[in-house]
Protein chains: 2
Amino acid sequence: MLGIRFESSQGLSLTRQLCAQLRRQIESGQLPEGFRLPPTRKMAAELSISRNVVMESYEQLMAEGYLISRVGAGTFVAGGIKENTDRRAAENEKPVSGQDDASEDVIDFIAGAPDLALFPRKQWGKYLQQAVRDAEYTLLDYGDVRGDTELRKAIADYLFRMKGIQCRSEQIIIVSGSAEGFLLLSKALSAAFHSLCIEEPTVDFIRDIFKHMNYRLVPVPVDRHGMNVESLDQWEAGHLVLVTPSHQFPTGSVLSIQRRQRIIEMAERTGNYIMEDDYDSEFRFKGIPVPPLQTLAPSRVIHVGTFSKTLSPGLRIGYLVIPKQLVETVSEMKEQLHLHTPPILQRALARFIQDGHLDRHIHRMKAIYKQKRAYLVGQLHECFGKDMSVHGDEAGMHVQVEFAGSDSVQVPWEEAIRYGVKVHSVDSYSLLPGAYPGKLVFGYGHLRLDEIRVGIQRLKQFIAGQFPVIHEKKHSGS
Amino acid sequence: MLGIRFESSQGLSLTRQLCAQLRRQIESGQLPEGFRLPPTRKMAAELSISRNVVMESYEQLMAEGYLISRVGAGTFVAGGIKENTDRRAAENEKPVSGQDDASEDVIDFIAGAPDLALFPRKQWGKYLQQAVRDAEYTLLDYGDVRGDTELRKAIADYLFRMKGIQCRSEQIIIVSGSAEGFLLLSKALSAAFHSLCIEEPTVDFIRDIFKHMNYRLVPVPVDRHGMNVESLDQWEAGHLVLVTPSHQFPTGSVLSIQRRQRIIEMAERTGNYIMEDDYDSEFRFKGIPVPPLQTLAPSRVIHVGTFSKTLSPGLRIGYLVIPKQLVETVSEMKEQLHLHTPPILQRALARFIQDGHLDRHIHRMKAIYKQKRAYLVGQLHECFGKDMSVHGDEAGMHVQVEFAGSDSVQVPWEEAIRYGVKVHSVDSYSLLPGAYPGKLVFGYGHLRLDEIRVGIQRLKQFIAGQFPVIHEKKHSGS
């Protein structure tokens with residue numbers, strides 16, 4: 001009847017199959033407007049199915065508008081449905097191309113990746129499970145948009161202990177990674193701010209976010225004392241500034257106290273805000289962490305921190321320390337953009353921190369990163385000697401390296417991948433292409449010592465392979 | 001010496017304390033520019049601390065710019081540091097006021113909240129712990145910005161099984177809840193689209209997101225066949241449309257097949273896209289789920305789904321099913337906005353779905369929500385009889401209710417809270433205040449049967465308390 005056929009192989013219920021086939025027949029015009037469907041009893045008998053299935057299907061298709069019922073007359077195909085031939089056709093083309101997976105064998109000196117082999121999986125798993133088991137119902141729901149109260153308290157304590165920041169937990173707002181924090185700030189502050197002063201060079205993802213949120217970007221040069229804030233003397237209201245004062249990315253410089261005071265003065269004069277991106281100040285190998293800019297001017301500085309470096313990027317948990325007068329504005333925008341961080345993750349992290357595991361993990365990783373850095377610098381000196389110098393504060397998970405012999409020529413660093421090593425030029429963090437010839441950033445956090453050694457050797461082979469070519473070119477050009 | 005004092009009670013290291021006190025003295029002008037600090041050996045002896053602590057502190061403050069060292073002459077306070085008196089002062093004001101917690105005793109018929117008491121905590125905790133234990137390193141990192149491959153496959157299978165959607169897993173993009181999905185879409189499509197047609201009335205948070213992303217909002221009326229798409233006949237390119245075809249929020253209507261075809265035709269003619277917000281189609285009590293709009297036009301419809309209703313809002317996991325030609329655009333914007341969902345959560349959910357737990361949970365909850373709905377409707381009829389009618393498809397976690405006697409007057413529904421019950425008028429989901437007098441939305445997913453009963457009784461008392469007042473007014477006015 002009506003060419004209906006059931007297939008058990010699809011694993012779909014009879015009602016689903018009957019509805020699907022009737023829909024197709026109506027849409028294809030096989031069953032035209034006004035067509036009277038068989039009474040349910042008759043249809044059921046002919047298809048050898050239960051009458052309930054037929055009744056359910058008719059009701060379903062009435063709810064969807066395919067069928068109408070006229071009392072005492074029966075069930076009919078409704079009007080106004082157009083033919084629809086091949087939209088439901090199976091799609092058999094080639095799959096959309098995915099991202100290329102980097103070859104396993106390439107050693108990538110990408111900056112900012114922590115050592116995830118030492119992530120405390122067992123402990124973290126235990127805290128997660130406990131949080132799921134014990135948490136109150138509200139943690140299964142969206143939770144407080146500003147973040148879990150326990151986590152905000154744990155972070156306030158941590159910030160005093162680790163960075164010397166004195167703030168109330170009410171000033172702390174939890175975000176799903178610092179990136180979401182910047183996205184939130186870009187919207188929350190957009191009523192009064194329209195441009196963003198950024199360090200040149202600097203990390204790319206934050207400036208991309210502000211660009212997409214229609215901010216004008218103003219690059220400010222960086223030297224060995226950090227952002228050259230003197231060039232902001234002409235500042236007027238309406239500007240935000242983004243700095244990495246504790247450990248400039250990628251140059252590694254520390255913003256000097258004189259410049260800190262100056263930029264704060266300017267912010268106070270203009271009513272502008274300073275966003276302090278503190279991505280890795282916990283890992284300083286020579287001394288103690290440099291105090292955050294926030295401690296000098298809690299009312300003008302928004303401190304942005306993350307657990308991506310200290311624990312794992314995959315956690316997607318970061319935090320903002322907000323001046324009191326901004327707490328409401330930022331919280332409200334967070335509510336309106338509906339940006340929530342999974343409350344269970346937050347609670348697990350709160351307990352993990354309270355029980356001292358974060359501090360212990362940082363302490364342990366600091367020794368490891370220090371060793372890796374020293375090893376990398378040693379290998380670089382051994383392979384390149386005086387042709388190379390290392391810059392930046394002894395901190396974090398990256399160093400800036402300058403190759404002296406190559407500053408007059410543009411080495412095609414990206415081609416080193418043919419030698420099995422991936423290196424990253426400072427140019428790739430710059431708005432001014434070609435501004436930093438011979439300068440590279442080496443990340444080492446995620447690499448084993450043997451990988452560091454082999455990677456530097458491959459780089460040496462690549463450079464050795466480059467320079468003859470360069471010399472030849474020079475000859476042919478003369 | 002220099003008035004330095006150490007306190008063990010703070011739990012801070014001697015280096016930290018020494019640095020902090022020297023910074024304060026320099027910033028306050030007590031130690032002026034050019035002041036020569038005592039040699040490290042002398043300072044250490046006088047303070048009875050290790051010389052290492054003093055050397056470390058001097059080096060630290062040199063790196064921060066407070067001190068300079070002149071070879072053969074000693075260590076001096078640097079120039080250019082201005083006085084900074086009370087910025088570091090402790091902040092002792094009252095805490096910023098937090099959100100008011102709703103009183104425990106109020107029964108809130110808020111719509112869209114699932115029953116979290118039945119969330120499978122034990123199982124979910126187990127899957128989380130296993131994912132943390134077994135996941136490859138990349139899952140501790142950011143992971144694929146488009147989402148975990150396993151989860152995308154599990155969702156593709158689920159969508160075919162549950163909703164009849166045939167798509168490749170490459171078309172699925174994981175988002176941190178549907179809200180983030182809409183935020184992403186608003187930016188990814190902003191090059192070509194500038195206005196958003198929305199149902200009137202509808203849920204508020206999505207339209208807020210698009211408004212903040214500078215879209216113009218165009219309300220389109222809703223009737224018992226869903227969005228009245230005829231009024232879009234004048235559509236030109238540049239418009240997005242947001243619909244809830246399976247179960248309109250809050251009216252509960254199902255978009256008819258005739259209107260489905262019409263809106264798709266319009267989208268094809270103009271090159272516009274339809275965003276299908278499918279927040280709860282899994283829970284349909286009378287028949288099977290209504291097939292998504294996406295199945296009619298996979299190249300014009302963006303299907304937006306969530307696990308907030310089927311599992312828990314606190315998961316913060318949703319998904320987009322994207323037309324093939326948009327996959328790259330949306331993925332790239334996601335990368336540029338740096339929107340990642342915790343990969344460990346994604347993997348745990350993938351396994352949870354693969355092992356059949358999601359389907360079983362939905363099956364179980366469907367029976368429970370069906371029972372709650374029937375109970376609520378029964379209670380409403382019992383209490384209000386013919387003064388009230390219930391509207392909308394038998395699905396999801398809410399019903400729309402219309403009070404006949406009150407459509408000529410504005411009942412101050414928000415005052416029902418004085419009777420211990422919170423109800424929500426359709427007006428609160430509308431851009432046209434006052435357009436829906438007497439219409440309320442009742443959510444029941446999160447309430448126990450006894451709470452539903454008591455809540456409706458309290459509402460009855462409130463209404464009984466209202467109408468005498470209204471009658472008096474009428475008298476006094478005549």
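Me: What should I know about the model before I start?
Reply: The model is predicted, so local features need pLDDT of at least 70 and side-chain atom pairs count only at pLDDT 80 or more, while totals for chains, interfaces and linings use all residues. Residues are numbered from 1 along each chain as its sequence is written, chains are lettered from A and ligands numbered from 1 in the order in which they are written, and side-chain values use heavy atoms, with hydrogens and water left out.

Me: In what order do the four strands of the open sheet in chain B stand?
Reply: Strands of a sheet pair through backbone hydrogen bonds, in a parallel or an antiparallel way. Helices (H or I, at least four residues) and strands (E, at least two) are DSSP runs, numbered from the N terminus; two strands pair if DSSP finds at least two bridges between them. In chain B the order is 12-13-16-15, with antiparallel pairing. Strand 12 (388–391) and strand 15 (424–425) of chain B are at the edges with a single partner strand each, so one side of each has no neighbour in the sheet.

Me: How many bridges pair strand 12 with strand 13 of chain B?
Reply: Four bridges pair strand 12 of chain B with strand 13 (residues 398–403) of chain B. Val390(B) has Val401(B) in strand 13 as its bridge partner.

Me: Which helix lies across strand 12 of chain B?
Reply: Helix 11 (residues 357–384) of chain B lies across strand 12, strand 13 and strand 16 (439–443), and runs at about 160° to strand 12 of chain B. Axes are lines fitted to C-alpha atoms, for helices over the stretch in contact (heavy atoms within 4.5 Å). Angles run from 0 to 180 degrees between N-to-C directions.

Me: How many residues of chain A are in contact with chain B?
Reply: 110 residues of chain A are in contact with 109 residues of chain B. Buried area is the accessible area (1.4 Å probe) that two parts lose on being put together, summed over both. Between chain A and chain B it is about 9200 Å², and carbon and sulfur atoms give 54% of this area.

Me: Which side chains meet in a salt bridge between chain A and chain B?
Reply: Side chains of opposite charge can pair when their charged atoms come close. A salt bridge is a side-chain nitrogen of Lys or Arg within 4 Å of a carboxyl oxygen of Asp or Glu. There are two salt bridges between chain A and chain B; one of them joins Glu265(A) and Lys82(B) (3.2 Å, N to O). Helix 4 (residues 121–134) of chain A gives the largest share of the side of chain A that touches chain B, nine residues.

Me: How many residues lie between strand 1 and strand 2 of chain A in the hairpin?
Reply: Three residues lie between them, and Gly72(A) in the turn has a positive phi of about 80°. Strand 1 (residues 67–70) and strand 2 (residues 74–77) of chain A pair in the antiparallel sense over four bridges.

Me: Where are the peptide bonds cis, and which residue has a positive phi although it is not a glycine?
Reply: Most residues other than glycine have a negative phi, and most peptide bonds are trans. The bond from Glu200(A) to Pro201(A) is cis, with omega near 0°. Another cis peptide bond joins Phe249(A) and Pro250(A), where omega is about 5°. Ser48(A) has a positive phi of about 55° and sits in the loop between helix 2 (40–47) and helix 3 (51–63) of chain A.
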